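The following note is intended for a colleague who is meeting this structure for the first time. Please read the numbered points with the model in view.

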Amino acid sequence: LHEDLLKENEERKKSEQEYLQIKQQMTEEAQQLKQREEELRSIHESLLTETQQIKSREELLTKENEAIKLDQEQLRQENEQVKKQTDEYNRIREEMIKEAEELKSREEEWKRLHQEALKENEERKGKEEEYNRVREDMIKEGEELRSREEELKRVVEELNKGREELQKENEERKSKEEELRRENEERRVK
């Protein structure tokens, strides 16, 4: 009986040790699980933050794309305006060419009248006076034509300057669009 009790004692001690080992092992596993949960929670929060940042970036890119569309529309309207101004300049230029041809024709007529007036005598003084009036009118018209030519040159220079500025703005906008496209591609890849 004593030996049985001793044997039973030994077995109980062995069972207690096994129980303590199992309990310690479960405690360690519980701590590891808790630590893993903390890591997962941290990763989840980080993902939430990144998602919010991506969403904010998408909203910003959307706004920038809308601004670019507005800029493109404004550029289109400005280009149309420049085209209208160019057409108007060409129309005025053609009119001035016609006026110059008419003036040349009138100058030739004046020269012919002048030759005739030189050949005529004192009885044709009235014709010489008409010639002088025509000559003064033509000189005045010539001065006005030169003044209009100077004004046209100034308008052409302004149009050319405006066209260069528009080309520069177009290049800058194209560069900005390309940069936004690259950022969109990078965001989609991520």
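This is a predicted model: local features need pLDDT of at least 70, side-chain atom pairs count only at pLDDT 80 or more; totals for chains, interfaces and linings use all residues.

1. Residues are numbered from 1 along each chain as its sequence is written, and side-chain values use heavy atoms, with hydrogens and water left out.

2. Overall dimensions. Along the principal axes, the C-alpha atoms of the protein chain fill a box of roughly 175 × 15 × 15 Å. The radius of gyration of the protein chain is 48 Å, whereas a compact globule of 190 residues would have one near 16 Å; the radius is taken over C-alpha atoms, and the globule rule is 2.2 Å times the number of residues to the power 0.38.

3. Surface and contacts. The protein chain exposes about 16700 Å², of which carbon and sulfur atoms supply 48%; accessible areas come from the Shrake-Rupley method with a 1.4 Å probe, and for residues only the protein chains shown count as cover. Of the 190 residues, 12% count as buried (buried means under 20% relative accessible area, exposed over 50%, and partly exposed in between, with a 1.4 Å probe and protein chains only). Among contacts between residues at least 6 apart in sequence, 89% join residues at least 24 apart, a contact meaning heavy atoms within 4.5 Å.

4. The core. The largest nonpolar core has ten residues: Tyr89, Met96, Leu103, Trp110, Tyr131, Val134, Met138, Leu145, Leu152 and Leu159. The elements giving two or more residues to this core are α1 (2-119) and α2 (125-189), and α2 gives the most, with six residues. Such a core is a set of buried Ala, Val, Leu, Ile, Met, Phe, Trp, Tyr and Cys residues joined through side-chain atoms within 4.5 Å. Leaving aside residues up to four places away in sequence, Leu103 touches Met138, Glu141, Gly142 and Leu145.

5. A buried glutamate. Is Glu177 buried or exposed? Glu177, which lies in helix α2, counts as buried because its relative accessibility is 15%. Not counting residues up to four places away in sequence, Glu177 touches Ile68 and Gln72.

6. The structure holds 21 salt bridges, each a side-chain nitrogen of Lys or Arg within 4 Å of a carboxyl oxygen of Asp or Glu. Arg76 pairs with Glu80, the closest N and O atoms being 2.4 Å apart. Arg76 and Glu80 are four residues apart in helix α1, so about one helical turn separates them. A salt bridge also joins Glu95 and Arg91, at 2.5 Å from N to O; these two are likewise four residues apart in helix α1 and therefore about one helical turn from each other. Glu95 is partly exposed at 32% relative accessibility, and Arg91 is partly exposed at 39%.

7. A salt bridge between helices. The side chains of Arg148 and Glu99 form a salt bridge (3.2 Å, N to O). This pair links distant parts of the chain, with Arg148 in helix α2 and Glu99 in helix α1, 49 residues apart. Arg148 is partly exposed at 36% relative accessible area, and Glu99 is partly exposed at 32% relative accessibility.

8. A network. Salt bridges also link Asp71, Glu169 and Arg173 in a network.
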